[in-house]
Structure formats: structure tokens, C-alpha cells
Amino acid sequence: MASTFKTLLNDDVVSTRTLLHEAIPITGTIVSGSTYNKAQLKTYTHGMFESTFDYPYLSSSANHIFDMSYGHHESVYSALETAKTAGTATPYQNQKKRDIYNQFAQVLMGYDETGSIRHFDSDGTLDDGDTGKMTECFFLSFSRLLVKDEIKKNSFRLQYRPSGTVDLIHAGAAGAPESTTATLGDYASANEYYTSPAGDYSLIFTASADSDDPTKSVGLIFYQAGVVVLSSSMFSGGEATALGALSFGYSGSEGDAASWGEVDVGAGALAAKADGVQHCIVSGSIENAAQGFRNRWIDCDFNNTIELNSTIYFARINHNEFNYSANPTYVSGSKLVVKNNVNDLPITYITTVGLYSPDNELLACAKVSEPIRKDPNTELTLRVRLDY
Amino acid sequence: MSLKPQYGNFFQFEENDVLVNRIEAHPKVEFFIHKNNAYYNNENNSASNSNVPNGHLSLYDYNVNRDPDPANGQLIYPFVTKIGAGTSFGTVTTSNYIFDFDVGDQITGSYPMTASISVDRLGRQQDWSTLTASSDGKKRYYLPALKNHLDFYTKLSPHYEYSSSEHGDLNDKYVNLISIPSIFYGSEIKKGTVTLKYFVSGTLVGEASDINKNGELIHTTGSEGSVTTGSVVGVVLYNEGFVLLKSSDSIATHTERYDGPTDGVEPNETNASWFNFGATGSTAGAPSSSFAIHLTGTSYIDTLTMFAHAGENKLNFSNNPTYLTSAAKQVVTGTDHYVEGADIAIKNIVSSSYAEHSASFEPTTYITKVGIYDQDKNLIAIASLAKPMRKREKDSYTFKLKLDI
């Protein structure tokens, strides 16, 4: 019997989820500012973070790729305030650095049972005293355009130079300590990751070989939030240079010296250049710290993830179904146009599958790329996929 | 009106507090074609993004100016791991998907995805039959695929009709099909805005416009050739973004090679005609001819406008901890109780006009945000003010919130 509607049974409907990924490379030439003479780097009057674009940000073609900031914990803030009073330190943007830390920490790590903001904890174990607590951190907030639904686990790699001053790095002396590189990665995340208020997170190590030992972690990556938190200690392990093991060069030359040393930190350019990351994050601005990091950035790669949810409807057509069409062109002069004589089998050509609600309201149409012949000798199953 | 203060944070929008407006925008679009190159709105796209050819728009603007060599690994690209769901990219055919990839293999795509106009000088049906099933061969399907759409618009003009005794059969005409992706014009091309201009050595020799706003492209300028002004040379499918030019008669005495070589033999020169409009296939690129397409699109932006009222005697208390004096934190807690002090003092932030003198207390708040909640009191949107707005009991404000939807 000819019929138009056919009910989809439980076995005819299945929901699936497909993960689409994008490989995202962020090369050092974009990040350091050398490609577009820093026109892709956006700073703000508040000075609490700086934004990096993949093209001069005044262009409509530019995409925001990440923000970089630095922050430290309340305990560091208090110690620096005490030192400032005693005249033994000249902290700069001390309060803003504390605010940045607290803002990231309360969103990403949440609060403990006393209502205090949790520390970032590099070993992933939250309630073990001060072990693994990260108090001085760089923050990378990748844009949603790049992260999409989340960063794919065990895909994050960041190659950088842990040591050397900016000008020596830019000079590119072969074999110099400045040419030493390290590659950060979430190497262990394929086997182990943790849960925070902002979703899954995992530990970041400077080498794959260290990933068995959580105490060697130098940071955290929050996959759904698209945020990477790195301890400033990642810059402390570099080899000795002519200017000192911890040299960070935050007021060295980045293109031109005048624009690089944006904050007078009370030290001469060379002296400041020779000082390590510790001096920079105390006496320099947040932008100084970001500049020092960016100029040590060689390459960063990660894969993002986009969840594609689909429902697949199997429209099953038995041999005795859908062999007749209600199309007006199917009949001419009270005869089926597809039959030349009375004994011919009825034939239809299927062009569209309609999905209807229980009240027979048409909800969706699926078109086939070319009409499919259907007669009583054939059975078909049309696979209709609805993505959402 | 009661002067009694009313406390509470949630207020329901009334019927007249929520409006939906629709803004109709008309973006101008211009393509200029010369020597096998197209330019969009007179911009040099490839200068700002080497990975996007001129005349193209890039979706998402990915890979701006990145090294195009995949070997250098600077390009963003998508990939999907083959599983049983059959998800892949449009560039992978079904047979490729089945036979070229195993389950677990990565199927990769490429960025940027760009769009531009295409000019397909289809010729006549008898020419299509000689085409093989190559990419060129698929052009024979282009016109039949538009048949229903063309016939549907015969209510606008009989010139749309695919086959008629009055205007002939499209299959027998030299048809030039210009396809315009909707990313350029939005929802539809605005009627009466389509103009095609044909230049020879910089001089306008022919112009066709839909001056009657009924889809007919009427030859309005140029009397040098055999096409007379006022004659219909094509039609426009406004909703679908197609322009069909159906005239191969000359519009100027100028002749040039508009086609590429066949079997290595260069073709004869032909007259400037609407069939040759936008030709980009010749070896030399028809250097004397240039073409311009002007149109205006139509796009709609729906905007939700909400009026949030902060009336008199309302919203004069804050739950912010800083709203209270520190002495108010007289909390007694135990294993089974949490008791706040009975006398909670609110900070008096009223500024006095006199030195060494405190002004009289007056409930004052500073409104910084307006939250929009759903019926289950889930916060679904926040509007932040540019600067905090002082709210006293006697003040009454209305905040206008706009949301593009």
C-alpha cells in the first residue's frame, strides 16, 4: 500500500558526537613583535595585560590570539610591601599583580573550605601544604577563536628560551647559552588530568621525560578555559650567561631600546638587562614581564576541539513502499507517466526525505544529490544526518 | 506613590519593556575584473593577506599573511579523525573517505576558506555535450539546476522563463552565468541596484541595469554594436545571487581574444558582447577589456531592546560586603548556627558640603551592572555601565539594553 509517512523507531535514530580539530601554530615572529614592528601588540592604559594579534590590530583582518599577563600571590604582595617599607625593594604594580593572580585563581582554582582563594598548584595536589604552590605566574589566555570548545589534551607545546638576554637572543649567536631551548608541554595529560571549577586541567612540564614526576611541573593548562598558567621558575633554570644565569633582559632592546624599556625601574639599562626574571617581576611592569616572555617565545602549537553533535536517522524503505508519487507530474491523462504498459512496475525517483513532528509538521528536509530510482524490486536505507 | 523603600533585586520586564527591532542594512558591493583578476570593492586583498587572492573574502580571516608553505607548519588547518559517523570535509569524496582512509586516520582540510564571484561563460547546450565529466563538464548541469528558479520568477518578467516561444530556449543561447556568493550581499540583492559596465581601453562601451526592478537587465548605454538600448540582455536572480546574461550580440566594434587556446590553437577574436563580459580565460587576459559589477545587498540585523527600570525607592540596598561598615561583621558561628549582628550599620557615603561634618545618612547605591535572568533565575546576560550610576531613593532611571540577535 502506498504510504507517505513512516514512523521512525528507536533503532532508526542514533546520536553521535564527532570531534573536529584545528592545528594552531603561533610562531615566535608573531609573538615577539618583530614581524609587524609590534603593531600587532596591543597594550592598555591599565597595564594589567597585553594582547597579541596575528596582524596589526587596527586592521579588520586581525584576529586576537591571546592575552599575556603576570600576577603573584597575596603572600608575595605582602612580602614586597614590607620590603618596600624597609627600603629593600622597589615593587612596581604590586597591587595589580596581586589582583591579576587572584582574578585568575578564583575563576580557575576556586576557593578552599575557609573561603580563601586557592593557590595554583603545579603538582595538581591541592591540600598538601605549600608543596607545589605557584605564587608568581605568567598567564596566557588564548582567544576563543583559537581554542573553540577546548584545547585538545596532550597537544600543547611551547618552545622557548629559558635563559639569555633579549638582545643576545636576537643576535642569535650560535652555540651561546641563549640558543638553549626548552619545550613546555602537557605531556602527561593523555593519562592523567584534574578537575577545577573551570573544567579539566593538566600539568605542564619542560620535557616529556619529566612528566612522570609531578614535582617537576612548571605550570598548568586549563583546557576548556583556554588558559595556561606558568610559574616564573620556568625561566630560572637556564644556563649561565655572560650576564648571569637568571638574566631576563626585560629592558633590553626590542626593536629599539626606547620603546622596550617602558618603565623606569630605577636601574640602568644594562644593569636591568642583566637582572633575572625575579627582578623583572618585582620591579618591572606587567608589560615588561610579558615582553620578556614574548621575546623568548620560539613556537607554540596546540590543537583545538570542536564538538559536532549529530543525530542520524535511518529512513528505511521496504520493497513495497514509496513506489508511488503524489507529484502532479506523476500522472498524465489518468496514467502513470513512468509506465508504458499496464504490466510495467511502478517507479518513483526519490529526491527528498522529510522529517516530520508527531503532529505531521514538516521540520526538516534532506535532499539527495541525484534522484534515486525506487521500484518494488528494490529496498533502500537513506541515512539522514542532522548536525547541530 | 508610596515612599516606603522597596527591596529586591529581581524585576520582571513588562510587555512594553522588551522590543525586537530589525535593522535593514544595504552593503555596497563592487567587483572589477581586468586581465584575469577580480577586485572586490577596489581593495587589494592579497596585499594585506597573502593567503587570500584579490576579489576574495576570507571566512574567519584565518592564516593572515602566514607562510603558505605547509612544510613550514605556520598554517592553521582543520582535521578530523575518521570514526564511524562518516564526518569528513566537503573536499573528500565518499569513495575517498571509504577507500583512502582507515578508521583512526586523520583527514585534513585547509584554511583559509575564501569566496568570490565566478563567471561561467556556458555557451550553448550543443557546446555542453562536447564537455567531458571534468570540472568543466559539470557546467552542463548549471543551467538545468536553475530551471525551476527561473520559471518561478516569470511572475516578475517573462524573460525569466527557461524556454518560451517569445524569448527562446536558454539551451540554444550563449549564456554567461555570474555567481555571487551570499557572503557578499547578505539575504538578497536589492532590486534595482545591479549594474554591469563593460569598458574597452577604459571607455564605457556598454552598461546594463535592472532599472525596472523586475530582474530584467536592460542594455542602457552603448549603441556602437548591434545591441540596442532598451533591450533585455539578461536576468538577475536576487535571492539566489545569480546574474544570467543571454545576449551574444556585439555591443561594440572592438574585437579581442576572450577565450583560451583549444588544443594549442588560439581562437579567433570576437566582438565585445555581454557573453564575453567578465571573460578571464584567454592567454593574454583580454587586456583591452575590463568589467565592473555594482550591486547592493540586503542584510538584516535583529536587535533585542530591553528597558530596565530602576524606579524611586527601589534598588537602594546592595549585597556587596563593602556596603556595610566593618563593624557590621558581628557574626557568631557555630556547628549549627550562623548569626549576624542585629545592628548592621550601612556605610554613609553621602558627601557633606562642610568640612569636619558628616552629612545625614541617605541610602545610596552605585549601579554598575544590570543582569538579565531567565524565568529560573539563571543569569544569562550582563550589561555593564561605562561608569557607576549613583542611585538615591528619590532617583529614577531607565537603562536601555540592546542585544544583537
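Reader: Before we start, how are residues and chains numbered and lettered here, and which pLDDT limits apply?

Author: Residues are numbered from 1 along each chain as its sequence is written, while chains are lettered from A and ligands numbered from 1 in the order in which they are written. This is a predicted model, in which local features need pLDDT of at least 70 and side-chain atom pairs count only at pLDDT 80 or more, whereas totals for chains, interfaces and linings use all residues.

Reader: What does the model score overall, and what is the mean pLDDT of chain B?

Author: The model scores ipTM 0.80 and pTM 0.77.

Reader: Where in chain B is confidence lowest, and where is it highest?

Author: It is lowest in helix H3 (residues 125–128) of chain B, at a mean of 71, and highest in strand E13 (residues 195–200) of chain B, at 97. Helices (H or I, at least four residues) and strands (E, at least two) are DSSP runs, numbered from the N terminus.

Reader: What about the turn between E13(B) and E14(B)?

Author: That hairpin has two residues between the strands, and B:Ser201 takes a positive phi near 50° in it. Most residues other than glycine have a negative phi, and most peptide bonds are trans.

Reader: Which loop holds B:Ala286, and why does that residue count as buried?

Author: B:Ala286 lies in the loop between strand E19 (270–273) and E20 of chain B, and has a positive phi of about 40° although it is not a glycine. B:Ala286 is buried because 25 other C-beta atoms lie within 10 Å.

Reader: Where is the cis peptide bond?

Author: A cis peptide bond joins B:Tyr111 and B:Pro112, with omega about 0°, and B:Pro112 is found in the loop between strand E6 (106–108) and strand E7 (113–115) of chain B.

Reader: Switching to the interface, how many residues does each chain put into the contact?

Author: The contact takes 15 residues from chain B and 17 residues from chain A, where two residues are in contact if their C-beta atoms, placed from the backbone, lie within 7 Å. Strand E5 (residues 77–81) of chain B gives the most to the side of chain B that touches chain A, with four residues.

Reader: Which strand of chain A is joined to E5(B)?

Author: Strand E1 (residues 13–27) of chain A is joined to E5(B) by four bridges, and the two run antiparallel; A:Glu22 stands opposite B:Pro78 in E5(B).

Reader: How many helices and strands does chain A have, and how much of it counts as buried?

Author: Chain A has nine helices and 20 strands, and of its 388 residues 37% count as buried.

Reader: Why does A:Ile298 count as partly exposed?

Author: A:Ile298 counts as partly exposed because it has 17 C-beta neighbours inside 10 Å. A:Ile298 lies in strand E15 (residues 297–317) of chain A and, leaving aside its neighbours within four places in sequence, is in contact with A:Gly28, A:Gln159, A:Tyr160, A:Arg161 and A:Thr181.

Notes: Buried ≥ 20, exposed ≤ 12 C-beta atoms within 10 Å, placed from the backbone. pLDDT = per-residue confidence, 0-100. Pairing = 2+ DSSP bridges.
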